[in-house]
Amino acid sequence: MRLFSEDIEFMRELYIYNSVSMYFFHEKYMMSPAQLGRTIRKFTKIGCIRISDSDIELTENGRRWIIANRRELFLKAKEKY
């Protein structure tokens with residue numbers, strides 16, 4: 001799966017907080033609704049996250065996915081979006 005920098009920031013924050021509001025990503029990272037929508041669709045499709053009202057929650061499958069891809073998420077330098 002190709003990861004964009006917003007995907008990486010998205011999953012890092014969910015790993016740290018487990019549940020955050022959708023607005024959090026716009027406020028902290030200035031993600032556009034299109035970026036956020038694409039990222040949400042990508043990770044919902046593979047079962048890593050679930051949406052509850054306006055909150056995004058990391059699933060157990062998502063936590064395992066993050067651990068399996070930790071090198072890409074936490075160690076590799078990426079260009080900003």
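A residue counts as buried under 20% relative accessible area, exposed over 50%, and partly exposed in between (1.4 Å probe, protein chains only). This is a predicted model, in which local features need pLDDT of at least 70 and side-chain atom pairs count only at pLDDT 80 or more, while totals for chains, interfaces and linings use all residues. Residues are numbered from 1 along each chain as its sequence is written, and side-chain values use heavy atoms, with hydrogens and water left out.

**Helix 3**
- Helices (H or I, at least four residues) and strands (E, at least two) are DSSP runs, numbered from the N terminus.
- On one side of helix 3, P33, A34, R41 and K45 are exposed.
- The buried residues of this helix are Q35, L36, T39, I40, K42 and F43.
- An α-helix has 3.6 residues a turn, so residues three or four places apart point the same way.
- Just after helix 3, G47 has a positive phi of about 80 degrees.

**Contacts of two residues**
- Contact means heavy atoms within 4.5 Å.
- Beyond its neighbours within four places in sequence, I49 is in contact with F10, L14, I40, F43, T44, I56, E57 and T59.
- Y15 is part of helix 1 and is partly exposed, with a relative accessible area of 32%.
- Not counting residues up to four places away in sequence, Y15 touches L58, R63, I66 and F74.
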